[in-house]
Structures are given as C-alpha cells and as structure tokens.
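Biologist: Hey, could you walk me through this one? I'm new to it.

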Amino acid sequence: MALPQWILDLVRPTVGLGSRLFWRIEHQGVENIPQTGGLIVAANHQSYGDPFWLATPIKRPIRFLAWSEAFSWPVIGKGIRLLGAWPLHLSGSDPAAIRRSLTWLRDGGVVVIFPEGGRGQENGSMIRMKAGAVRMALEASVPILPVTIRGANRVWPASNLFPRPGRVEIIYHPVFYPELQPGEETRDCARRETDRLAKIIQSALDANQSAKQKSDR
C-alpha cells in the first residue's frame with residue numbers, strides 16, 4: 001500500500017536534501033512539469049534509485065509501473081511499494097495493470113514509466129524502448145513528459161548493492177502529445193512516437209557525451 005500523499009509531501013524535502021548532499025542530484029527543466037491533468041512521465045532507466053530521484057520535484061500524486069519481480073527485492077521492493085508503484089508483468093500483456101493506469105490518468109494522475117522495460121546498458125546508453133507508454137498516452141489522451149537520467153549508472157551500477165557517492169542529473173524536457181497521422185494505424189503511430197520519445201531523451205545523453213569529449217581535448 002502506498003503512503004498517504006501528505007506523508008510523501010512531508011518527506012519530499014528531506015529526500016531532496018539528502019540526494020543533493022550524497023549524490024549531488026541536479027534537477028533541470030522542472031518548469032516543464034505540468035501541475036495539473038493526467039500525465040505520463042517516461043524516462044530512461046539507469047539505476048535502482050531512478051524512481052526516487054525522478055519523483056522528488058513532481059509535487060503531485062504519482063504511481064509507478066514497475067517490473068513485478070522488483071517487488072520481491074529487499075529494501076527496493078518495499079520502497080517502491082510505499083512510493084505508489086504498481087506491479088507490471090513484462091513477460092507478456094498485463095491488461096489489469098494497464099487498465100489501472102488508464103483510470104488513474106483519466107482522473108488526472110501521474111504515471112511514471114521506464115519504456116526500456118529494464119535498466120539500460122552499463123555505460124548509461126539506452127536499449128530500445130517499448131511502445132507501451134505512447135499507447136497509453138494515445139488511449140488516455142494525455143501528454144508525455146520525457147525525462148533524461150544521467151550519471152545514475154555510475155552512482156548505482158547493477159553490480160552494487162548500495163549506491164556510492166557521485167553526481168546524477170535529471171532533465172525534464174517539454175511535454176508532447178502523441179498524435180495519429182491521417183490514415184495511420186495505432187501500432188505504427190505508437191512505434192513512430194516512441195522513436196521520437198527516445199530521440200528526445202537521447203539528446204541529453206548525447207549532449208553530455210559531447211561536452212565530455214570537448215573537455216578531454
């Protein structure tokens with residue numbers, strides 16, 4: 001069961017302060033976060049800490065779609081459940097989780113999804129995104145807030161049980177509405193708009209890599 005919203009709002013500043021002190025968390029583009037209306041937050045996935053760090057500046061009731069297996073993990077499983085995560089079975093279609101999310105979105109809530117379906121590469125690069133986030137946005141008629149997470153793979157690599165000191169950046173891009181083009185099938189639209197979503201998120205990863213290359217010269 002998720003914690004009551006007033007408790008989440010109460011601990012948010014403490015979590016934010018701790019994240020800035022220990023992991024030098026920097027949130028960029030927070031002005032792009034809508035304050036009302038149904039919203040899908042779609043981000044790349046680099047570490048176990050992503051849901052906690054990403055949610056800090058989103059001062060609204062949030063639900064997460066998380067891999068069902070993660071709920072059995074010590075600490076992480078309990079943490080994401082308290083944050084409001086719902087289990088999603090990745091092995092196949094999970095209509096119950098999708099229906100639940102659509103109802104939440106239509107009621108004006110926020111749903112966080114990691115479209116890669118799991119963590120990306122060890123070096124922080126993304127794997128191909130699945131089209132589920134765009135399909136849900138189309139069905140619920142809500143916008144998508146693309147989010148890029150940078151540096152979390154180094155702070156909390158998959159081989160580590162706990163995070164280590166480092167720097168993590170969370171970039172919130174402008175929202176966009178996936179739209180069907182005339183004569184376009186929903187499946188084709190979902191794939192096209194998912195590729196668009198991936199390019200937006202990737203753009204901040206590319207910009208960071210380019211800046212590093214320039215500093216090394």
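Modeller: Here comes a short tour, one topic at a time. This is a predicted model, where local features need pLDDT of at least 70, side-chain atom pairs count only at pLDDT 80 or more, and totals for chains, interfaces and linings use all residues. Residues are numbered from 1 along each chain as its sequence is written, and side-chain values use heavy atoms, with hydrogens and water left out.

Biologist: How many aromatic pairs does the count come to?

Modeller: One aromatic pair. Tyr48 and Trp156 have ring centres 5.4 Å apart and planes at 85 degrees, so they are edge-to-face. The rule is that rings of Phe, Tyr and Trp (its six-membered ring) pair if their centres lie within 6.5 Å; planes under 30 degrees apart count as stacked, over 60 as edge-to-face and the rest as tilted.

Biologist: Which parts does the pair tie together?

Modeller: Tyr48 is in the loop between strand E2 (39-43) and helix H2 (50-55), and Trp156 is in the loop between helix H6 (152-155) and strand E7 (169-172), so the pair links parts 108 residues apart in sequence. Helices (H or I, at least four residues) and strands (E, at least two) are DSSP runs, numbered from the N terminus.

Biologist: And Trp156, buried or exposed?

Modeller: Trp156 is buried, at 9% relative accessible area, while Tyr48 is partly exposed at 22%. Buried means under 20% relative accessible area, exposed over 50%, partly exposed in between (1.4 Å probe, protein chains only).

Biologist: What lies over the face of Tyr48?

Modeller: Arg119 does, at 4.7 Å from the ring centre. For a charge to sit over a ring, NZ of Lys or CZ of Arg must be within 6 Å of the ring centre and within 35 degrees of the ring normal.

Biologist: Switching topic: how many residues of strand E6 are buried?

Modeller: Seven of the seven in E6 (residues 144-150), so the strand is largely enclosed by the rest of the structure. Ile144, Pro146, Thr148 and Arg150 cover one side, with Leu145, Val147 and Ile149 on the other.

Biologist: Last one: where is Ile62 found?

Modeller: In strand E3 (residues 62-67), and Ile62 is buried at 6% relative accessibility.
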